[in-house]
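Subject: The structure for you to look through

Dear colleague,

I am handing over the structure below, and after it I set out what was found. Please keep the structure open while you read, so that you can look up each place as it comes.

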Amino acid sequence: MDNLQTTTNHKRNALLLSIIPGLGQFYNKQLLKGLIFLIFSSSFGFVFFEMIGEGFWGIVTLGEIPKLDHSVFLLIDGIIAIIITIMGLAIYAFNLYDAHQNGKRRDLGIAVNSVRKQYHNLIDNGFPYLMITPGFFLLIFVVIFPILFVLLLAFTNYDLYHSPPNNLVDWIGFQNFVDIFRLDIWRTTFFAVLAWTIVWTFGATTLQVALGIFLAILVNQKDLKGKAIIRTIMILPWAVPAFITILIFSGMFNETFGVINRTILPFLGMEGIPWMTNEMWTRLALIMIQTWLGFPFIFAMTTGVLQSIPDELYEAATVDGASIMQKFFSITLPLVIFATAPILITQYTFNFNNFNVIFLFNGGGPAIPGQNAGGTDILISWIYRLTMTSAQYGKAAAVTMILSIIVISVALWQFKRTKSFQEEDMM
Amino acid sequence: MSNKKSKLIRLTISYIIILAVVFIIIYPLLWVVGSSLNPGQSLSGSKMFPDNPSLVHYKYLFDSENSNYLIWYWNSMKISIITMVLSVISVSFTAYSFSRYRFIGRKNGLLTFLILQMIPNFAALIAIYVLANRTGLIDTHIGLILVYVGGSIPMNTWLMKGYLDTIPKELDESAKMDGAGHFRIFFQIVMPLAKPIIAVVALFTFIAPLGDFILARILLRDEEKFTLAVGLYELVAKQFGNEFTKFAAGSVLIAIPIAILFLMFQKYFVSGLTAGGTKG
């Protein structure tokens with residue numbers, strides 16, 4: 001349609017010339033901008049050309065000569081080459097877009113921006129990018145890069161027997177996933193770990209949430225005295241660093257020397273319990289410990305919400321003849337749940353990945369015959385075990401991918417539902 | 001009369017429950033303080049109320065010829081403070097951009113952050129380990145700090161963006177009318193109003209490295225570079241029980257200052273989280 005209205009076709013010419021970055025800008029008589037594009041892109045190509053070539057060769061072949069080619073390093077260099085290529089393509093696309101836009105302006109008879117105006121435009125439109133860049137750059141290298149690496153690693157046979165520099169790592173497609181679901185030992189282990197992860201996540205989290213809300217309501221009773229001191233004590237488990245308390249508990253639950261088996265249980269007239277060697281008891285202990293660690297956070301949140309509920313609500317309900325129970329179930333609980341819902345759900349994802357408590361309490365143990373994970377290993381600690389003790393890197397990466405898919409789908413499902421995300425004006 | 005009686009019963013039951021919970025909370029904490037005062041070495045001989053309490057373990061920890069405890073303490077403080085400063089700077093930049101500007105890629109950026117905050121960055125621990133090896137950042141504090149800062153960005157950006165969204169945009173617009181530049185609006189108008197959430201992010205990013213165990217353990221090799229979490233774990237794990245009282249003393253020394261700091265700022269935590277949580 002534009003073509004019909006205009007006699008010139010600067011738009012197309014500029015776009016075509018810009019196949020060599022900068023020329024389109026020269027054509028549009030934006031000399032400085034063109035020069036910047038030209039110098040920048042040619043130096044970019046000059047500096048990275050060889051690196052990108054080698055990177056792509058490396059990531060495709062993962063090396064050809066053992067001892068000389070280090071497959072894992074080649075994989076890393078390959079990912080870096082991909083990231084750099086994407087950045088280069090983005091700049092190139094911007095160059096084409098810019099030439100096209102300014103050509104269009106000229107076709108329509110609007111003067112292209114002067115250098116001064118371009119500068120102001122750059123500052124105005126570029127400011128948010130400028131501010132995001134440092135954080136985003138870091139994010140690319142310490143978060144996104146590792147994720148890409150694991151993603152790719154899941155399709156290799158990187159393990160103890162295929163580990164550089166003495167041996168090469170190869171692409172094996174979906175073999176790791178097939179193995180996990182097909183080979184007996186892997187399948188048994190995977191489903192045992194997954195089942196316990198789910199029980200753990202729901203058991204421990206629900207317990208800590210319920211206890212936190214219950215205690216907050218209990219302490220919030222009007223005629224209860226000593227609220228301030230009680231609240232401070234209730235928050236203590238949250239205030240002390242968790243790794244310390246977990247290690248302390250691990251000492252207390254020690255079967256032979258721990259205070260629980262030696263002092264507390266005999267005091268109650270009970271026998272010692274095999275906390276560390278029987279998986280069921282370890283699991284029970286872990287859930288109790290996580291409840292101890294986790295309820296204060298919910299307690300503090302709920303207390304905050306309770307204090308913001310206006311008294312008039314309860315007074316009106318009393319006038320209408322509502323009982324204590326009715327007031328609780330139709331006023332207090334809905335308000336608390338509504339206000340803390342997003343945080344409650346992050347508690348579930350937190351426990352799903354709660355490595356510290358599992359690892360520090362009993363190292364994921366006790367060992368169980370017939371599977372290669374401990375009796376209390378959850379997915380994340382199993383990944384750690386596969387990586388650090390049995391050097392099954394490829395399998396560990398595959399499990400990581402499965403874990404990520406679970407977490408991401410739950411997260412997306414949850415955030416799609418929350419009001420805040422729908423209200424967000426996402427452009 | 002019966003009303004009064006039921007009130008009495010309700011309160012009594014409440015107090016009994018609270019007392020039980022308080023006991024369960026306090027017991028392990030008191031127990032570790034008691035253990036740290038036992039003159040003996042091992043877990044087996046330690047009592048909650050030792051017969052002849054002594055400060056021998058505290059002396060040992062402060063004796064830098066025998067123990068690395070002070071070095072670990074210093075390492076932890078250094079790492080936490082640098083992480084906090086760098087995180088607060090980069091988080092406020094990104095959160096401000098996402099909250100105030102509408103630019104191409106904003107929606108995808110926000111979505112990426114949302115997903116990233118759900119996956120703990122140690123899930124990719126193999127990658128972090130190999131990458132650190134490749135870049136020579138293994139066994140350095142810089143490497144660890146960079147990983148902490150990068151990992152803190154997604155979640156805290158969402159948190160802070162939620163808060164910044166509640167600061168009226170009319171404020172920056174009128175400042176813009178008066179000729180204030182981008183940086184000026186950021187530093188002199190929005191940031192001063194965002195102090196509560198900055199405090200929250202600062203505390204979160206200060207405490208997170210202190211509580212982290214897994215990344216520090218993977219990246220740090222040299223005992224002199226350990227953080228407290230790794231060092232104290234080694235102390236108990238090496239010969240379980242045999243150095244337990246020393247570990248207890250070390251725990252008390254780090255737990256008390258953090259708990260105090262935490263209790264002081266606890267109100268901010270709650271308000272910051274609920275504000276950011278319900279909105280963003």
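Chain A of this predicted model holds 18 helices and 0 strands. Its radius of gyration is 30 Å, whereas the globule rule gives 22 Å for 427 residues, and because the value for chain A is well over that figure, the chain is more spread out than a compact globule. Of the 427 residues in chain A, 39% are buried.

Next comes the place where the two chains touch. The contact draws on 76 residues from chain A and 75 residues from chain B. On the side of chain B that touches chain A, the elements that give two or more residues include helix H1 (2–36), helix H4 (106–116) and helix H12 (244–279) of chain B, and the largest share, 17 residues, comes from H12(B). Sorted by class, that side of chain B has 52 nonpolar, 18 polar and 5 charged residues.

One pair of helices across this contact can be followed in detail. In general, two packed helices are described by the angle between their axes and the distance between the axes. The axes of helix H10 (residues 242–252) of chain A and H1(B) come within 10 Å and cross at roughly 85 degrees, and the two helices are therefore roughly perpendicular to each other. Which residues meet there? Thr245(A), Ile248(A), Phe249(A) and Met252(A) in H10(A) meet Pro28(B), Trp31(B) and Val32(B) in H1(B). By class, this contact of H10(A) with H1(B) has 6 nonpolar residues, 1 polar residue and no charged residues.

Helix H4(B) is worth a look as well. The buried residues of H4(B) are Leu110(B), Phe113(B) and Leu116(B), and because they fall within an arc of 130 degrees when seen down the axis of H4(B), they line one face of the helix. The buried residues of H4(B) pack against helix H6 (115–153) of chain A, together with H3 and H6 of chain B.

Two loop residues deserve a careful look at the backbone. Most residues other than glycine have a negative phi. Ala391(A), however, has a positive phi of about 55 degrees although it is not a glycine, and Ala391(A) lies in the loop between helix H16 (379–388) and helix H17 (393–417) of chain A. Asp139(B), also not a glycine, has a positive phi of about 60 degrees and lies in the loop between H5 and H6 of chain B. Are these residues buried, exposed or partly exposed? Ala391(A) is partly exposed, with 17 other C-beta atoms within 10 Å, and Asp139(B) is partly exposed, with 14 other C-beta atoms within 10 Å.

Finally, Ala237(B) lies in helix H11 of chain B and counts as partly exposed, with 15 C-beta neighbours inside 10 Å. Ala237(B) and Asp178(B) are 59 residues apart in sequence, while from C-alpha to C-alpha they are 63 Å apart in space.

With best wishes

Note on methods. Residues numbered from 1 in each chain as written. Chains lettered and ligands numbered in written order. Predicted model: local features only at pLDDT ≥ 70, side-chain atom pairs only at ≥ 80, totals over all residues. Contact = placed C-beta atoms within 7 Å. Helix = DSSP H or I, 4+ residues; strand = E, 2+ residues; numbered from the N terminus. Nonpolar A, V, L, I, M, F, W, Y, C, P; charged D, E, K, R; others polar. Axes fitted to C-alpha atoms, helices over the stretch in contact; angles between N-to-C directions. Parallel < 35°, antiparallel > 145°, perpendicular 65-115°, else oblique. Buried ≥ 20, exposed ≤ 12 C-beta atoms within 10 Å, placed from the backbone. Arc of directions from axis to C-beta. Rg over C-alpha atoms; globule rule 2.2 N^0.38 Å.
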